[in-house]
Amino acid sequence: MSLSLNQWTTRRWSLAEAVDGCVRHGLEAIGLWREKVEEQGLAESVKLVRAAGLRVSSLCRGGFLTAGGLPGEEGRAAFARALDDNRRAIDEAAELEAACLVMVVGGLPGVRPGEALPESFTRDLAGARERVAEALAELAPYAGERGVKLALEPLHPIYCPDRAVLSTLGQALELSLPYPEEQVGVVVDTFHVWWDPRLAEDIARAGSRIASYQVCDYLHPLPADVLLGRGMMGDGVIGFPPITRAVQAAGYAGDVEVEIFNADVWAADPDEVVATMKARYEELVLP
């Protein structure tokens, strides 16, 4: 496995700066975000990554498929918009030759990430998960035709209301199984799954469906904005080597992507962040 920089870890850097930073620090891969690709322009992003000789370990993110659970025409329109946006994301991943398109599937219909509950939303959690399955039935063949693997990412249960109604690796794996593994896989992200008592079992069961291995630490206590509770490895509570060993034993040989959402990390010198990331990876993540 090889270390990859998810560019949200060095959020201050543009795509061009992040590519240059990877080259200067001797990294072979980068995880890209659609917002940064759009800022740079898709064609220019492809050009920069290929000229640098970097692999694209992932493109983040597709998903947010659950709004179709809203009633009536509002739900139908939201579902159609989500499918259209995800088809665009698949096309972008294909152009970038990304190893996968990370899918953050969405929370309860009508609940917006990080915002107060609206007057109108649905508490139908089972129905929201059904909308994800319906969307996959539409998107997986499209992704397969373009050589793109959709990577379902389970998020920690604290994000179930507004970001992901998939909370365990087992849930994500079950949704992936009706499709060829080259079309739909799963993400193992330490922040989101470290707590799961079935984690080792489900990693082994996932096997070659593991499309991405992402690492960062789980801070304690969490900050007021729990989205920013992802820390540099060693700054939180996760023991990484057992997870890494399990992922390796399952057959994963792809890139290990460091993805950190943290105000202090974002405010720091990005070069220092990458240097720390490399040192902590070798010291704490590798088995």
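Reader: At what angle do helix 6 and helix 8 pack?

Author: The model is a predicted one. In it, helix 6 covers residues 169–176 and helix 8 covers residues 199–206. Their axes lie 9 Å apart, and the packing angle is about 20°.

Reader: Is helix 6 roughly parallel or roughly antiparallel to helix 8?

Author: The two helices pack at an angle of about 20°. Angles under 35 degrees count as roughly parallel. Therefore helix 6, relative to helix 8, is roughly parallel.

Reader: Is the crossing of helix 6 and helix 8 left-handed or right-handed?

Author: The packing angle of these helices is about 20°. Where helix 6 passes helix 8, the crossing is left-handed.

Reader: How many of the residues in the contact of helix 6 with helix 8 are charged?

Author: Helix 6 brings Leu-169, Gly-170, Leu-173 and Glu-174 to the contact, and helix 8 brings Leu-199, Asp-202, Ile-203, Arg-205 and Ala-206. Of these residues, five are nonpolar and one is polar, while the number charged is three.

Reader: Is Thr-190 buried or exposed?

Author: Thr-190 lies in helix 7, residues 190–193. Not counting residues up to four places away in sequence, Thr-190 touches several residues, including Tyr-213, Val-215, Ile-238 and Phe-240. Its relative accessible area is 0%, and buried means under 20%. Thr-190 is therefore buried.

Reader: What is the relative accessible area of Arg-230?

Author: Arg-230 is found in strand 9, residues 230–231. Leaving aside neighbours within four places in sequence, its contacts include Asp-189, Asp-217 and Glu-259. Arg-230 is buried, with a relative accessible area of 3%.

Technical notes: Residues numbered from 1 in each chain as written. Predicted model: local features only at pLDDT ≥ 70, side-chain atom pairs only at ≥ 80, totals over all residues. Heavy atoms only, no water. Axes fitted to C-alpha atoms, helices over the stretch in contact; angles between N-to-C directions. Helix = DSSP H or I, 4+ residues; strand = E, 2+ residues; numbered from the N terminus. Parallel < 35°, antiparallel > 145°, perpendicular 65-115°, else oblique. Left-handed = near helix turned anticlockwise from the far one by under 90°. Contact = heavy atoms within 4.5 Å. Nonpolar A, V, L, I, M, F, W, Y, C, P; charged D, E, K, R; others polar. Buried < 20%, exposed > 50% of the residue type's maximum accessible area, 1.4 Å probe, protein only.
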